[in-house]
Amino acid sequence: MGSAISARHLRKIYPKSASRTPALVDLTLDVPTGGVYGVIGRNGAGKTTFIRIAATQLEPTSGTLSVLGEDVTRGERTIRARIACVPQESRPLYFLRVEEVIYLYLKMRGLDAVEAHRRTNAVIDELSLGEFRHRLVSRLSGGVRRRTLCAMVLGSDADLLFLDEPTTGLDPLARREVWQSIRRASREHRTIVLTTHYLDEAEALSSRLALIERGQLVLEGAPADLRARVRYPYRVTIQGAIPRSDLEPYGQVSSIEGGYLVFTREPEARELARRALEKGLRLSMGPVSLEDIFLDVVGRPIEEDTPANGEDDEREVTAKA
Ligand SMILES: Nc1ncnc2c1ncn2[C@@H]1O[C@H](COP(=O)(O)OP(=O)(O)O)[C@@H](O)[C@H]1O
Ligand SMILES: [Mg+2]
């Protein structure tokens, strides 16, 4: 099976950007057909820019991008018929009711009335929107509005779904429901491109991950491959009386409440575990989390904002959809 998305040397400089710093520097990646492709990165890394270009809403400055086998600059119409997108900033039609907005969206995408009704009901159930179905979109809270938008896209039959930070602002329960819905769409052999700055979300859902930092791809692969590429694939926490100097030889040590966190390799992790148990210390050990990997390759946590490289936050008006 070919790639759902194939990007080569993609570069984007927003015309109105004062700093002329590229939002995407030189992005080359392939999103395989089927599964969830997670795009992670800090605020301002370039995730939304990539999504908007792939969803044919924004033109790249240079480079090539093919989506579902079509070049984005030529196959726009064909691509649009086969994709569905939850944009980062979403304003679904306010004067409609929840069930209408979902149903009409599915009808507009070309489904017949029976199928559109069936899917509307299924996705309303799936995302627990039942109590809101007759409510006007303009009367919804931000979180429910976001879920409605997810319902439109996840209820569709598009081959390729773009979800740009779909769960931002949702409570933990609603987030899990969106996750379930994403998993269901993925089981239907559709391709989902998901951007998120929740690393637990990326880890829970993605079959493949791309980490973008300052418009560049810094790490890409299946979650297990990413682990294999970091210096220290294991994390060990030790609590109790042990001098830090005893731990230093095993890897990278940092202080945590009541003890230490050691990033290390597998043999050292075993040895550490053995020694800690002998001394009666409390210990936990496991593979590094995506959070740890992020910190290791980027050098700072994902929540930390990128210093703005273009103060101009004006939205470019090339969106045609
Ligand atoms: N319409 C725009 N005009 C100028 N600069 C923009 C515009 N949209 C985004 N940018 C800049 O491009 C960079 C990447 O932004 P974005 O793709 O939104 O990142 P992310 O989605 O990862 O937070 C940021 O520096 C941002 O300030
Ligand atoms: Mg974004």
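Student: How many bridges join β6 to β7?

Tutor: In this predicted model, β6 and β7 run parallel and are joined by four bridges. One position to look at is Ile83, which stands opposite Leu160 in β7.

Student: Which residues of β6 point one way, and which the other way?

Tutor: Ile83 and Cys85 point one way, Ala84 and Val86 the other way. Residues pointing in both directions from β6 are buried.

Student: What packs against these strands?

Tutor: Take α5, whose buried residues pack against β6 (83-86) and β7 (160-164). The buried residues of α5 also pack against the helices α3 (98-108), α4 (113-126) and α6 (172-187).

Student: Is α5 mostly covered or mostly exposed?

Tutor: The general idea for a helix comes first. An α-helix has 3.6 residues a turn, so residues three or four places apart point the same way. In this case, 11 of the 13 residues of α5 are buried, and the helix is mostly covered. Among the buried residues are Arg145, Arg146 and Arg147, along with Leu149, Met152 and Val153.

Student: Why does the span of α5 agree with its 13 residues?

Tutor: At 1.5 Å a residue, α5 should span 18 Å, and because its end C-alpha atoms are 18 Å apart, the two agree. The expected span counts one less than the number of residues.

Student: What does Ile102 touch?

Tutor: Leaving out residues up to four places away in sequence, Ile102 touches Thr120, Val123, Ile124, Thr148, Ala151, Met152 and Gly155.

Student: What order do the strands of the open sheet have?

Tutor: The four strands have the order β2-β1-β4-β5, with antiparallel pairing. The edge strands, β2 (24-32) and β5 (70-71), each pair on one side only. Two bridges join β4 (residues 62-67) to β5, and Val67 stands opposite Glu70 in β5. Helix α1 (residues 47-54) packs on the sheet, touching β1 (3-12), β2 and β4. The direction of α1 makes about 120 degrees with that of β1.

Conventions. Residues are numbered from 1 along each chain as its sequence is written. Chains are lettered from A and ligands numbered from 1 in the order in which they are written. This is a predicted model: local features need pLDDT of at least 70, side-chain atom pairs count only at pLDDT 80 or more; totals for chains, interfaces and linings use all residues. Two residues are in contact if their C-beta atoms, placed from the backbone, lie within 7 Å. A residue is buried if 20 or more other C-beta atoms lie within 10 Å of its own, exposed if 12 or fewer, and partly exposed in between; C-beta atoms are placed from the backbone. Two strands pair if DSSP finds at least two bridges between them. Axes are lines fitted to C-alpha atoms, for helices over the stretch in contact, and angles run from 0 to 180 degrees between N-to-C directions.
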